[in-house]
Amino acid sequence: MNRRTQYMLIAILIVAIGVISGCGSNTQNSGKEPFGAAKNANSNDALVGAPEQVQSVYKQNCLSCHGGGLEGRVGPKTNLQQVGSRLTKEQIDKQITGGGNGMPAFGTKLKPEETQALVDWLATKR
């Protein structure tokens, strides 16, 4: 592999890491929603009644990709409105901790009790 090809692969990798890591950030969106999703910054209806710990963890780590109404902002697979009907608690836990399919892993970012609270809450979404 020549040096130019190596530099191109490194550049692509850097861009991909930047895109993926942006989904878990807690920074405010600067007005444009990813992938043309409807603006929903103040719509946290899905979080009403959720335990405070879940609300805090979700807002800090999940909101930017999954939306305030769990509608999914980065394609249909990010919609969590009925995730409890599609996945078991074990599958939800594995997805959060290990990531995959475009989702970053949060196993080392979240405390086990935060992950468990989020899993328990998401499993009720049917």
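**Figure 1. Helix 5 passes helix 6 in a right-handed crossing.** The view is taken from a predicted model. The axes of the helix 5 and helix 6 pair cross at roughly 130 degrees and come within 9 Å. Helix 5 is therefore oblique to helix 6, because angles of 65 to 115 degrees count as roughly perpendicular and only those over 145 as roughly antiparallel. On the helix 5 side, the residues in contact are Lys89, Ile92, Asp93, Ile96 and Thr97. These meet Thr115, Gln116, Leu118, Val119, Asp120, Leu122 and Ala123 of helix 6. By class, this contact comprises 6 nonpolar, 3 polar and 3 charged residues.

**Figure 2. Helix 2 packs against helix 6 at an angle of about 100 degrees.** The two axes are 9 Å apart. With an angle in the range of 65 to 115 degrees, helix 2 is therefore roughly perpendicular to helix 6. Helix 2 contributes Gln53, Val54, Val57 and Tyr58 to the contact, and helix 6 contributes Glu113, Glu114, Ala117, Leu118 and Trp121. The residues of this contact divide into 6 nonpolar, 1 polar and 2 charged. Leu118 of helix 6 is listed here and also in the contact with helix 5.

**Figure 3. The largest pocket of the predicted model has a volume of about 590 Å³.** Its lining consists of 27 residues. Those that lie nearest the centre of the pocket are His66, Lys77, Thr78, Gln95 and Met103. By class, the lining holds 16 nonpolar, 9 polar and 2 charged residues.

**Figure 4. Several helices contribute to the lining of the largest pocket.** Two or more lining residues come from each of helix 2 (52-61), helix 3 (63-66), helix 4 (83-86), helix 5 (89-98) and helix 6 (112-123). Helix 5 gives the most, with 4 residues.

Notes
Residues numbered from 1 in each chain as written. Predicted model: local features only at pLDDT ≥ 70, side-chain atom pairs only at ≥ 80, totals over all residues. Heavy atoms only, no water. 1 Å grid on protein atoms, 1.4 Å probe; cavity = no way out; pocket = protein on both sides within 12 Å on 5 of 7 lines; lining within 4 Å. Points joined across faces, edges and corners; volume = space filled by probe spheres on them. Nonpolar A, V, L, I, M, F, W, Y, C, P; charged D, E, K, R; others polar. Axes fitted to C-alpha atoms, helices over the stretch in contact; angles between N-to-C directions. Parallel < 35°, antiparallel > 145°, perpendicular 65-115°, else oblique. Left-handed = near helix turned anticlockwise from the far one by under 90°. Contact = heavy atoms within 4.5 Å.
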